[in-house]
Amino acid sequence: MQLRRHKDIVAFRSENSTPIAFHARNLEVAAVSDELWNSMAPTSFDNGFVMNMLPTEAGVDAEAYGALEQWHTEESATAKVHNFPQTIRSLTLNITQLCNLHCTYCAAGGDGTYGDPVARVSVEKTLPQVEFFLKKLTPGETFSITFLGGEPLLYPQAIAAIAEHANAAASARGVQTNYTIITNATLIDDKKLDLLKPFKPNFVISIDGPPETHDLARPQKNGKGSGELALKGFSYLEARKEEFGKVTLHAVFSKSNLEVLKAYSFFLTLKADFFEFTFDITESDTSVNEEFMREMSMVAEFAYASGGEAALRKINLFNGYFNALDGQTKTENHCGSGKSLLSIDSRNKIFACPLDVSTKSMQVGDGLELNAQKLEELESPFIKKNNCDNCWARFLCGGGCLFAHKTMTGNKHKKHFSYCERTRFLIGLTLGFYEKTRA
Amino acid sequence: MKKLAPRKKKDMETKKHIKKVVPKKAEVAAGPGGCKPLGEV
């Protein structure tokens, strides 16, 4: 895919196809003429700088250049910045800081402990915390709790107790609740499902593909693969899927496994609502990054060819960008960390991001105490803090994942070029399909 | 009317080179997802 840019407009062109352009500020997508394409400056996905041709340069078409300039200066009446509310309406809870697996790319300290193993969260200390945040919501709003670990199903009784308490507190205030459990599925059985059924949780299942590829990065602590165990656990959930919320299959790809298309094909044989494909944030090898992008292109082509927009949008990444384009919502923040989302570790300390749990400097509270100054520091938009003003993808990317930036560069506001390149490529890929479906 | 003429010509030129697509309401609900949607509420 080739790329060109004219100020806040970027255009993409695959071989023998019509160029597709995107207006970064207005979130507008358009098919554009060859003359217009030729009047834009060549660039690449690893380049976030503003570029443009001069009207006097060779190959520039005066009329097309004028059209480009006019479009560039237009301000959309419909595209609006979506601000995260400064009210916490989503919590992640570390039910344990232990895991029965030892995945190679684990972001939780490498072993699910975040460097601080805790077998069981204190339910007694967690209930008042949940109530503390829930009470700040007004009737009709929704409060979400995501149960994390380690592996949260090592202590399912805590999930049930916390959800039961949250339901009672929410119901008294007219607040809705929803629950999500992020699990490796190896411990799912009918007994646990019976315990969790009253809360109809969503499940996010960490699975990297069929067992032979899943096992490459997701061994048990004894070194044996966990793929067969995960599939066995998942089969209990599949059999009772209608009793629970949405099921997402989440795969992580790294140097040891880059077979995204193979994972996608395998996922299609399982009962799930959504798929998520993410990249190992510790990986800096550009060839691995490039292979992941190639695989994602193949997945998108395959999905679109087999099921059109609906199939494409079962993949969370594409669905998210489609939603932003359709809703004309510009995001200035990759996530709601510290704004609408907080994370509570297994010692009841509070952090802005679930991945920062081990970092003392990132702690924003403890028990029922919040550090107002630290939370205030998190209020300004990521795209400002991360110097994204010149990037054409900024209002769809939101500045990227701060934890990923910190992991790669040592500074949460300093982006790694391969993260940005990958993000821009995936957005460009999505824009091509968006134009096809909306033209 | 005379004042509007150049603008109309300009708009026609723009439409010749730029065919914008029309957004529509989402047909497929967003999934609960992993990392990012945790904070999207």
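Trainee: How many salt bridges are there between chain B and chain A?

Mentor: A salt bridge is assigned where a side-chain nitrogen of Lys or Arg lies within 4 Å of a carboxyl oxygen of Asp or Glu. In this predicted model, three salt bridges are counted between chain B and chain A. One of them joins the side chains of Lys20(B) and Glu74(A), with an N to O distance of 2.9 Å.

Trainee: Which elements of chain B give two or more residues to the side that touches chain A?

Mentor: They are α1 (5–17), β1 (18–20) and α2 (35–38) of chain B. The largest share, seven residues, comes from α1(B).

Trainee: In which sense do β1(B) and strand β4 of chain A pair?

Mentor: Pairing between strands is read from their bridges, at least two being needed. Here β4 (residues 28–32) of chain A and β1(B) run in the antiparallel sense, over three bridges. Within β1(B), Lys20(B) is the bridge partner of Ala30(A); the side chain of Lys20(B) also forms the salt bridge with Glu74(A).

Trainee: How many residues does each chain bring to the contact, and what area is buried?

Mentor: Chain A contributes 50 residues and chain B contributes 29 residues. The area buried between the two chains is about 3,200 Å², and carbon and sulfur atoms give 59% of that area.

Trainee: How many residue pairs are in polar contact between chain B and chain A?

Mentor: Nine residue pairs are counted, with both residues at pLDDT 80 or more.

Note on methods: Residues numbered from 1 in each chain as written. Chains lettered and ligands numbered in written order. Predicted model: local features only at pLDDT ≥ 70, side-chain atom pairs only at ≥ 80, totals over all residues. Heavy atoms only, no water. Contact = heavy atoms within 4.5 Å. Buried area = accessible area lost by both parts, 1.4 Å probe. Polar contact = N/O pair within 3.5 Å; in protein donor to acceptor, adjacent residues only side chain to side chain. Helix = DSSP H or I, 4+ residues; strand = E, 2+ residues; numbered from the N terminus.
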